[in-house]
Amino acid sequence: MKELPKTYNPQEAEDTIYRKWESNGYFHAKINPDKTPYTIVIPPPNITGILHMGHILNNTLQDVFIRWKRMQGYEACWIPGTDHAGIATQNVVDKALRKEGTSLRELGREKFLERVWEWRTLYGGTINKQLRKLGVSCDWERERFTMDEGLSDAVKEVFVQLYEKGLIYKGKYIVNWCPREQTALSDDEVNGVESKGHLWHIKYPIENSDEVIVVATTRPETMLGDTAVAVNPKDERYKHLIGKKVLLPLANRTIPIIADDFVDQTFGTGAVKVTPAHDPNDYQMGIRLNLPQIIVMDTSAKMNINVPLKYQGLDRYECRREVLRDLQKLGNLVKTEDHVHNVGHCYRCDTVIEPYLSDQWFVKMKPLAEPALKAVQDGTIKFHPERYSKIYDNWMTNIRDWCISRQLWWGHRIPAYYAPDGNFTSARSLDEAYEKLKVKSPNLKKEEIRQDDDVLDTWFSSWLWPFSVHGWPKENDDLKYFYPTDTLVTAPDIIFFWVARMIMAGLEFRKEVPFRNVYFTSLIRDAEGRKMSKSLGNSPDPLDVIATFGADALRFTVLFLAPIGQDVLYDNDKCEIGRNFANKIWNAGRFLMMNEQQLTIDNAQLPIVSSTASEDLTDKWIISRFNSTIKNVTAAMENFRVNDAVKQLYDFLWKDFCDWHVEFVKIRLQETSDVHLKKAIIALALKIYEETLKLLHPFMPFVTEEIYQHLEDRGEHGTIMHSSLPLTNVEAIDLSVEQEMDFLQSVISEVRTVRSEMNIPPSKTIDFVASCHDFDKQTLLESNRHLLQKLCKINSLTIGMMLPKPGYSASSVVKGQEIFIPLKGLIDVNVERERLQKEIDRLEGQLKGVLAKLNNQSFVGKAPADVIEKEKLKQQNFQQTIDKLKINLEQLVG
């Protein structure tokens with residue numbers, strides 16, 4: 001056993017420990033027929049990303065699960081990797097190019113992609129290097145990237161298979177277009193923002209009539225692309241106008257008045273302009289009624305040649321101002337109203353989305369969604385917390401087709417190929433495309449074939465992640481052994497982007513669900529409940545926090561603060577929780593090891609004896625509490641209640657072991673000269689300490705490893721992570737012993753409280769009288785007189801049944817037993833009277849609350865019998881305690 005330094009220094013220990021773990025290959029998983037696999041795939045962070053607090057919670061949870069299962073004997077495999085992040089990465093590299101005085105357009109596609117790959121080599125692994133600081137036990141030998149050759153093969157295979165099944169199609173549809181990023185976005189990539197805008201009422205003259213029809217719109221600039229005015233067929237105000245034509249102001253062309261049930265009679269004037277090329281609802285209406293589609297903007301949201309000359313080249317908002325000014329001049333602008341509505345913004349750059357008609361590729365989602373929905377509904381996949389299954393159910397039931405094409409250069413290029421005559425197909429390679437296209441274009445030359453310029457949505461590669469990381473579409477032993485994975489840990493905001501799509505892909509291409517459990521993490525907010533962001537300046541750099549407090553302190557704190565499904569209110573000062581806990585554990589270990597060295601015990605040979613093997617209450621109690629803790633922590637982990645597991649360990653180590661048992665050990669060592677007894681006392685404490693370190697290791701890996709290495713010589717390759725978690729010895733759990741110790745601790749704590757409240761100096765000893773009303777409790781106190789005297793600094797100790805209260809005594813009631821501390825010469829009697837009255841008032845307030853429940857017929861009628869019984873027992877205990885305290889108050893006389 002090596003001497004444990006006086007203090008724990010995480011800054012010195014953590015990097016050294018991690019290098020040893022990684023260099024020795026402790027994280028690497030291998031196919032092992034004798035072990036059950038347990039697999040997690042990391043939600044791949046963007047290669048542009050840097051570590052933030054959301055990553056800390058997410059990856060700490062994954063590491064806890066993987067370390068726990070590794071120590072349970074599973075072949076635990078945690079596969080790390082990064083996502084190519086199409087839009088984000090293209091933007092970052094383009095910005096770098098602009099600083100050099102050039103741009104992606106000037107470089108051209110091939111040269112630009114070369115620069116992106118160079119950038120990825122230099123900076124793309126930053127976040128994974130940072131994750132090592134957190135102590136994550138990823139299998140770095142299996143690290144993947146969504147643009148790796150093998151993963152690219154998976155993307156092509158999936159596209160071709162879905163295309164051949166008719167589930168991928170190309171069409172001209174209204175899409176969410178980002179004018180800044182110059183690309184289409186899926187519905188899930190659009191953030192709806194409630195915005196204050198206006199509703200403009202514009203009159204359209206009826207052709208060959210003095211009548212007008214007034215339409216209301218939030219986007220007057222798009223009226224230049226109107227191809228109809230629509231009313232509801234049931235609207236009596238406009239029935240006589242259906243079929244007539246209006247003169248479109250500013251554009252000087254006529255368009256029809258049509259009827260469609262979609263029109264809301266209560267919105268605006270009940271008449272709406274129809275712009276099929278620039279509104280998704282108008283698009284659908286146009287399809288139903290065969291209306292022309294006039295695109296009035298280019299891809300930068302500037303007005304194109306399909307509008308009158310004076311508006312051409314204007315930005316959409318400049319055009320809006322000009323259109324309104326011209327309508328005002330012509331007398332066509334009737335009125336302007338304030339209007340609050342939802343406006344779509346790009347999830348990447350926050351630019352206002354433009355509904356835009358363009359050629360795009362789509363996936364038909366309904367056929368894929370049905371089995372994926374069933375897998376969650378029938379419990380094949382379980383969500384934690386379960387409430388997210390309802391959100392999933394709603395989205396999957398109302399799912400829309402997925403726009404998968406993006407007008408970018410960085411990403412998986414769409415594996416679609418075109419012949420000069422317009423024929424096209426999907427293929428895994430140019431050669432395959434040539435063979436397919438020759439069927440319809442027999443005179444085709446291979447060099448004439450053109451591949452689609454667009455790339456696929458980033459999520460199109462991510463949805464294959466659970467099996468593509470194992471080499472699919474190739475069948476191999478890794479895939480057979482490690483797939484399907486077991487647990488997915490992810491943020492709830494990508495339940496649609498990623499979780500749902502992975503389930504669809506797993507069932508479609510592997511005929512198995514990709515994972516069995518999904519753990520949705522909490523959202524980390526600042527201490528005021530605000531979402532963390534750079535703009536608010538409330539998002540701490542986790543690396544700075546780790547440098548200040550240590551990785552274990554940060555890990556433990558975020559887990560301690562994060563009940564499943566609830567937001568975490570975080571600030572850096574709360575990391576004192578984790579740091580103080582690490583120091584508490586360290587100091588307890590140092591005390592025990594120093595004593596062990598003096599007694600030269602071989603700790604490895606010492607078993608944890610059952611609670612009946614020792615007649616000492618403290619031994620029986622700590623053994624029982626230790627096994628209860630194993631049982632409770634294991635149950636919490638099996639039910640994904642990580643926060644509960646952390647708090648069980650915290651309570652056991654801090655309170656039971658360090659605050660109580662170590663103190664008991666000190667007293668017992670002082671009281672005996674028997675070396676064999678001293679060895680047995682220290683041996684038991686050390687063995688429980690070591691086994692509890694194993695339980696704690698998944699949560700605080702560094703400090704537990706450091707202490708574990710000091711407990712004895714582990715050899716070159718010994719590590720706590722390869723030890724086995726302790727198992728519950730049910731026979732060693734003795735609840736009656738735990739209740740006895742709880743009473744004894746309550747007495748000691750109450751004496752300490754009274755000493756503190758009465759300002760009795762710590763150096764002074766006191767007299768103590770226990771007036772028992774229960775013979776068993778009297779016996780218990782008698783048999784532990786030595787503990788009471790040492791821990792309460794008692795000079796004279798009197799224990800008996802129904803003893804009279806000494807004069808001038810502080811008093812209290814502990815579980816029905818009265819305790820008295822004679823205070824003559826130590827206390828102001830008036831202060832003690834005030835203390836008693838406050839305690840009576842407090843208990844009467846609690847009694848009032850219990851009585852209110854028991855007198856509430858609704859509560860009594862609906863609550864289970866055991867709940868009602870508990871309330872009645874509370875009432876009885878409160879009343880008994882109040883009665884005794886009132887007697888004590890009356891008797892506080894000399």
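Guide: Two strands count as paired here if DSSP finds at least two bridges between them. The model is predicted. In strand S23, Val518 is the bridge partner of Phe383. S15 and S23 pair over 3 bridges, in the parallel sense. That pairing belongs to an open sheet of 3 strands, ordered S15-S23-S22, with parallel pairing. Strand S15 (382–384) and strand S22 (487–490) are its edge strands, and each pairs on one side only. On average, neighbouring strands of this sheet are turned by 20° against each other, direction ignored. Helix H2 (residues 53–71) packs on the sheet and touches S22 and S23. The direction of H2 makes about 160° with that of S22. As background, strands of a sheet pair through backbone hydrogen bonds, either parallel or antiparallel.

Over the whole structure, a search finds 48 aromatic pairs. Among them, Tyr173 and Tyr283 form a tilted pair, 5.9 Å centre to centre and with 55° between the planes. Tyr173 lies in strand S5 (residues 168–178) and Tyr283 in helix H8 (residues 280–289), so this pair ties together parts that are 110 residues apart in sequence.

Tyr388 and Phe520 form a tilted pair, 4.7 Å centre to centre and with 45° between the planes. Phe520 lies in strand S23 (residues 517–520) and Tyr388 in helix H11 (residues 388–397), so the pair ties together parts that are 132 residues apart in sequence. Tyr388 and Phe520 are both buried. Strand S23 thus has two entries in this account: Val518, the bridge partner of Phe383, and Phe520, the ring paired with Tyr388.

Aromatic residues also group beyond pairs. One aromatic cluster is formed by Phe159, Tyr163, Trp361, Trp402, Tyr418, Phe424, Phe460, Trp463, Phe467, Trp472, Tyr483 and Phe509. A member of this cluster, Trp402, has Arg501 over its face, at 3.9 Å from the ring centre. A charge also sits over a ring at Phe743, where Lys777 lies over the face at 5.4 Å from the ring centre.

Definitions and conventions:
Residues numbered from 1 in each chain as written. Predicted model: local features only at pLDDT ≥ 70, side-chain atom pairs only at ≥ 80, totals over all residues. Heavy atoms only, no water. Phe/Tyr/Trp six-rings, centres within 6.5 Å; stacked < 30°, edge-to-face > 60°. Helix = DSSP H or I, 4+ residues; strand = E, 2+ residues; numbered from the N terminus. Buried < 20%, exposed > 50% of the residue type's maximum accessible area, 1.4 Å probe, protein only. Lys NZ or Arg CZ within 6 Å of the ring centre and 35° of its normal. Axes fitted to C-alpha atoms, helices over the stretch in contact; angles between N-to-C directions. Contact = heavy atoms within 4.5 Å.
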